[in-house]
Amino acid sequence: QGAQPRTPTGAEPGREPSTTAQQGEFLTTSQGARLRDTDHSLKAGRRGPVLLQDHHLREKITHFDHERIPERVVHARGAAAHGVFEGYGTAEPVCRAGFLAKGVRTEVFTRFSTVVGSRGSMDTARDTRGFATKFYTEEGTFDLVGNNIPVFFIQDGMKFPDVVHAAKPHPDREIPQAQSAHDTFWDFVSLHTEAQHHTLWFMGDRGIPRSFRMMEGFGVHTFRLSNSDGETSLAKLHWKPALGVHSLTWEEAQLLGGADPDFHRRDLADAIESGAYPSWELGIQVFPDNAEQSFEGIDLLDPTKFVPEELAPVQPVGRLTLDRNPRNYFAETEQVAFNPGHLVPGIDVTDDPLLQVRLFSYVDTQLTRLGGPNFAQLPINRAHAPINDMLRDGYGQQGDHSGVAPYQPNSLDGGCPFLAGEMDGALEDLPVVVPESVKERALSATFEDHFSQARLFWRSMTPVERDHIVDAYSFELAKCYEATIRERQLQSLANIDGELCARVAAALGMTAPERTIPAEDGTDGAPVTSAPLSQLGA
Ligand code: HEM
């Protein structure tokens with residue numbers, strides 16, 4: 001029952017990874033029997049029927065028949081790399097997580113992805129990008145499962161199947177494969193105006209990044225940090241790329257999508273192979289942990305809102321460098337299992353209703369995708385901290401656990417493993433006050449503003465960025481068969497900004513509707529005089 005130390009390669013000390021290494025002088029069966037011939041099935045005569053007794057044939061074909069696993073239900077297409085994270089120690093006043101301490105180096109695995117397209121779709125599609133990092137810390141694994149856009153489409157996780165059903169290909173014709181330019185997507189976002197803010201970001205240049213190496217990453221949700229004195233703060237987590245943020249033009253994205261659909265994964269692998277290691281700084285925006293959980297009037301639990309950097313600067317707390325390509329795509333990039341619930345002492349969740357649902361969803365989907373409850377034992381998913389979890393048996397079990405008493409406490413296995421005390425670097429249930437309330441299916445009134453941050457974003461754009469956004473909406477909405485959907489979306493654009501709406505309406509040959517909600521600052525179609533892009537976390 002003792003802890004089982006593991007090595008990063010997955011081999012347990014004293015054991016050779018015999019079936020996984022695929023090395024040796026001879027070709028063998030999976031049982032290690034040497035083979036003379038793997039090209040011909042065993043037949044009753046050269047021109048006769050194949051014999052059922054041919055074990056090697058049956059083993060080879062049967063295994064092949066089961067080679068595929070389901071692709072991720074979202075974020076199916078991705079590319080990944082190994083690397084290292086080094087803490088600066090600057091987070092110490094607010095966060096006690098050991099991996100953020102000065103000079104601590106932690107192995108990491110980062111997977112970038114598109115959200116909507118299937119595994120075989122093209123890299124340069126207009127989409128949000130996933131940016132998920134697994135930190136194999138000494139205090140357990142921490143997963144930062146973020147995106148390249150700081151806000152999300154929906155506010156309540158209950159709506160996640162709906163937004164994904166709308167964004168995925170139409171159920172009848174299975175088109176389009178990887179784009180949002182279709183009726184169901186625009187039907188959804190025009191009916192659920194909370195989605196307008198996120199949609200505006202990815203109609204902009206961030207929807208077609210030049211390279212994974214040139215993307216920001218955002219944890220999106222607000223997290224709760226705690227320091228070694230038990231004091232808490234709220235925080236948003238950001239990745240800032242050393243190479244800066246760069247995008248493709250729409251024309252470049254289309255050409256590359258045809259000429260090299262693997263453009264982004266090739267770029268990542270080639271850069272690492274050539275020693276041009278991509279790197280990002282992890283930064284935090286810190287807010288007081290107040291009862292309202294809001295900052296400067298922004299509800300920190302609403303994942304459709306961000307906090308402009310001019311209000312709360314991003315403070316660097318460490319550096320990520322990706323320096324090693326995976327050896328086997330399936331074993332590592334495909335089988336990696338991220339989960340926003342993988343937390344370490346010092347970093348905790350908040351009651352953001354999107355995050356709360358995510359805490360359920362990831363392990364649930366992985367039970368199917370990775371074939372049962374033991375996927376944490378796959379080499380890429382193994383913690384680099386000692387494991388003593390008392391989880392037993394199940395499909396895909398690799399452990400041959402010793403001991404007779406996998407329960408706690410017991411008096412049979414030579415005493416019990418310790419339960420960690422306050423000072424032992426254990427996970428902590430922070431004593432957060434739950435406000436007195438009644439059970440109900442509803443969201444707070446502070447979630448009702450769907451347009452003001454979208455307006456702020458649009459007005460921070462330079463003229464060329466505005467041109468790109470107008471072109472993107474015009475192209476995508478022109479692909480909708482239903483005129484009512486285009487009209488409804490124009491109404492949302494009118495509520496964001498009159499100039500944006502008028503320009504898209506003109507491109508579509510339609511009449512721009514009047515806004516139905518007032519702009520809180522009384523302006524409309526204002527010229528670019530507001531905050532520069534850099535102040536908006538861009
Ligand atoms: C992947 C669910 C919101 C980022 C996934 C997967 C599921 C899922 C089921 C596939 C996991 C797997 O097969 O291993 C949800 C639900 C959400 C939600 C239910 C809302 C309630 C978000 C948000 C973000 C995000 C807000 C970004 C902050 C990602 C990323 C991946 C992913 C990056 C891919 C991880 C990888 O590379 O393997 N999500 N998601 N998701 N999700 Fe979410």
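In which sense, left-handed or right-handed, does α5 pass α10? Keep that one in mind while you get your bearings.

You're looking at a predicted model, where local features need pLDDT of at least 70, side-chain atom pairs count only at pLDDT 80 or more, and totals for chains, interfaces and linings use all residues. Residues are numbered from 1 along each chain as its sequence is written. Helices (H or I, at least four residues) and strands (E, at least two) are DSSP runs, numbered from the N terminus.

**Stop 1: two helices.** Select residues 196-203, helix α5, and then residues 452-459, helix α10. Their axes lie 8 Å apart and the helices pack at an angle of about 20 degrees. Axes here are lines fitted to C-alpha atoms, for helices over the stretch in contact, and angles run from 0 to 180 degrees between N-to-C directions. As for the opening question, α5 passes α10 in a left-handed crossing: the near helix is turned anticlockwise from the far one by less than a right angle, whereas clockwise would be right-handed.

**Stop 2: strand β2.** Now pick residues 105-114. Of the 10 residues in β2, 8 are buried (20 or more other C-beta atoms within 10 Å of a residue's own, with C-beta atoms placed from the backbone; 12 or fewer is exposed, in between is partly exposed). β2 pairs with β1 (residues 78-87) in the antiparallel sense over 9 bridges; two strands pair if DSSP finds at least two bridges between them. Click Ala79 and you'll find Phe112 of β2 as its bridge partner. β2 is also joined to β3 (residues 129-137), by 8 antiparallel bridges, with Glu107 partnered by Tyr136 in β3.

**Stop 3: on to β11.** Select residues 315-324. β11 runs antiparallel to β1, joined by 6 bridges, and Gly87 has Gly318 as its partner there. Strand β8 (residues 279-288) is joined to β11 by 6 bridges, antiparallel again; look for Gly283 opposite Pro316.

**Stop 4: the ligand.** Which residues come nearest to the ligand? Show His75, Arg111, Gly130, Gly157 and Val220, out of 27 around it (C-beta atom, placed from the backbone, within 6 Å). Helix α9 (353-369) gives the largest share of this shell, 8 residues.
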